Amino acid sequence: MTDAPLKLFNSLTRQIEVFKPVHEGEARVYSCGPTVYNYQHIGNMRAYVFADTLGRTLQWKGYKLTHVVNITDVGHLTSDADEGEDKMEKMAAREGKSAWDIAKFYQEDFERDLARLNVQPKQHPRATEYVEAMIEWGKSIAEKHCYELESGLYFDVSTVADYGRLARATTDEGESRIGDVEGKRNAADFAIWRRTPPGETRQMEWESPWGRGAPGWHLECSVMGEALLGFPFDIHTGGIDHREIHHPNEIAQNQAYCCTKGLDDPRNSGAKIWMHNNFLVERSGKMSKSSGEFLRLQLLVDKGYHPLAYRLMCLQAHYRSELEFSWEGLGAALTRLKRMVMAVAPLAEAEPQPGTTHPKFAPALEKFAEAMADDLNTPIALTALEEALATKKVDAGIKRAVIAEMDAVLGLDLFGLTRADLRIRPVAATITEAEIETALARRKEARAAKDFAASDAIREELAEQGVEVMDGDPLGWEWKLA
Ligand code: AMP
Ligand code: ZN
């Protein structure tokens with residue numbers, strides 16, 4: 001493939017920049033992870049598909065990747081600012097479980113969803129494991145950058161240069177909110193430590209120089225990023241909502257910790273490149289975790305869609321564009337994935353021939369490489385993959401190696417999937433695949449014998465059990481469960 005230099009959009013400078021690693025041959029990435037008080041919705045999962053695709057691209061470019069996705073199991077309030085209740089404590093009270101059990105349960109569910117989306121394993125440090133380090137960090141910045149109020153220790157954003165540059169906000173505009181904490185010097189000031197109110201006990205609380213309490217949410221990412229990747233590291237990612245409050249606050253903490261200097265020098269923000277995926281949106285509000293049954297990956301699986309159809313749906317949009325979810329869109333992605341899997345099937349037995357290419361693949365390989373290097377342009381890269389899949393009269397081993405190389409970046413697991421895996425098969429359906437296949441075989445015999453009455457009867461029987469027979473479907477779907 002061509003060696004196009006990797007270019008990425010840096011939210012901090014609002015510019016496309018050539019990726020130059022801090023450490024030769026290495027890429028160190030931190031992605032803000034989930035708050036494990038509830039299931040993740042598929043919008044959240046878009047953030048991890050994006051981060052994973054970035055990680056895979058860096059590996060494909062030859063960098064040794066260290067990738068951290070933190071687990072927020074303490075400190076995140078119901079608002080990203082310092083208001084409302086602690087998400088973990090609230091859910092624990094609602095479900096009558098301990099906050100620790102809640103965290104464990106939802107972390108496991110999150111990791112299951114990651115695996116189903118073929119997200120490569122990453123480091124998952126938990127915030128509660130870093131509380132001591134957070135207290136140490138707080139101590140080191142308290143005198144110069146913080147002040148105490150009744151409710152805890154607060155960061156004074158006017159003590160660092162260029163506060164809010166990432167969000168393009170100023171200290172005064174900040175995030176002024178109704179019900180904000182009284183006594184804050186600037187609207188955008190935020191909690192480093194939240195003291196437990198007198199007479200109350202939290203399930204998760206620790207002793208600190210600022211009283212018994214819990215860390216502010218933003219602190220964990222600064223502390224874990226520095227501890228696991230070292231400042232400055234290469235890339236910090238998160239959803240676009242984090243560009244407004246969470247990441248500017250992280251950057252301010254990092255400046256206070258290491259240098260206080262301005263952000264013209266990219267080293268001073270902790271990470272050199274800040275990247276943000278845009279949102280997955282859904283019009284009817286099913287993405288909201290407060291809406292009862294919300295859109296989570298399991299719901300897609302329950303309705304019969306393979307999780308990788310969702311990964312493909314994400315890749316079909318550029319990560320900086322909003323992506324609208326619809327079931328029709330998901331169905332179209334599933335069909336597209338099925339076509340790819342069918343094209344790959346004849347290569348199953350071929351011995352891959354890496355390192356050897358055929359000139360016929362050159363245009364597709366070049367297009368793929370340029371697209372991925374151009375700020376991860378996955379929609380174009382997918383078309384290059386399809387061009388490679390459509391290439392005829394070439395050695396199967398070479399073709400297999402080419403497809404495998406592209407798929408290592410996109411993560412669609414094309415060689416692991418079969419046609420049958422991609423059937424639309426809701427989990428609630430009781431009829432088995434074997435029963436359907438037997439009925440279809442009988443129907444085929446009846447048709448061969450020109451017994452159309454019998455053939456129609458079988459079709460009716462299947463329809464009564466929710467099986468729609470799709471004769472002559474151009475995409476080769478033989479049947480689907482409605
Ligand atoms: P949270 O658990 O709320 O901290 O969110 C986990 C990740 O998902 C963060 O990076 C968010 O920015 C991201 N995120 C939240 N909602 C969406 C959405 N609708 N689409 C894409 N990413 C999202
Ligand atoms: Zn974070």
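## Contacts and overall build

Residues 24 or more positions apart supply 74% of the protein's contacts with a separation of 6 or more, a contact being heavy atoms within 4.5 Å. This is a predicted model, in which local features need pLDDT of at least 70 and side-chain atom pairs count only at pLDDT 80 or more, while totals for chains, interfaces and linings use all residues. Residues are numbered from 1 along each chain as its sequence is written, chains are lettered from A and ligands numbered from 1 in the order in which they are written, and side-chain values use heavy atoms, with hydrogens and water left out.

Let's look at the whole protein. There are 14 helices and 14 strands; these are DSSP runs numbered from the N terminus, with helices (H or I) of at least four residues and strands (E) of at least two. The C-alpha trace spans about 90 × 55 × 35 Å along its principal axes.

## Surface and charge

Of the 482 residues in the protein, 54% are buried, meaning under 20% relative accessible area with a 1.4 Å probe and protein chains only. The accessible surface comes to about 20,800 Å², and carbon and sulfur atoms account for 49% of that surface; the areas come from the Shrake-Rupley method with a 1.4 Å probe.

The protein carries 58 positive and 75 negative charges, whose mean positions are 4 Å apart. Here Lys and Arg count as positive and Asp and Glu as negative, leaving out His and the chain ends. Each charge is placed at NZ of Lys, CZ of Arg, CG of Asp or CD of Glu.

Now to a sheet worth a visit: 4 strands form an open, antiparallel sheet in the order 5-6-7-8. Strand 5 (146-149) and strand 8 are its edge strands, each pairing on one side only. From one strand to the next the twist averages 25°, using lines fitted to C-alpha atoms as axes and angles from 0 to 180 degrees between N-to-C directions. Two strands pair if DSSP finds at least two bridges between them.

## Strand 7 and its neighbour

Strand 7 (residues 190-195) is largely enclosed by the rest of the structure, because 5 of its 6 residues are buried. Its antiparallel pairing with strand 8 (residues 213-215) has 3 bridges, and R194 is partnered there by A214.

How values were computed: Buried means under 20% relative accessible area, exposed over 50%, partly exposed in between (1.4 Å probe, protein chains only).
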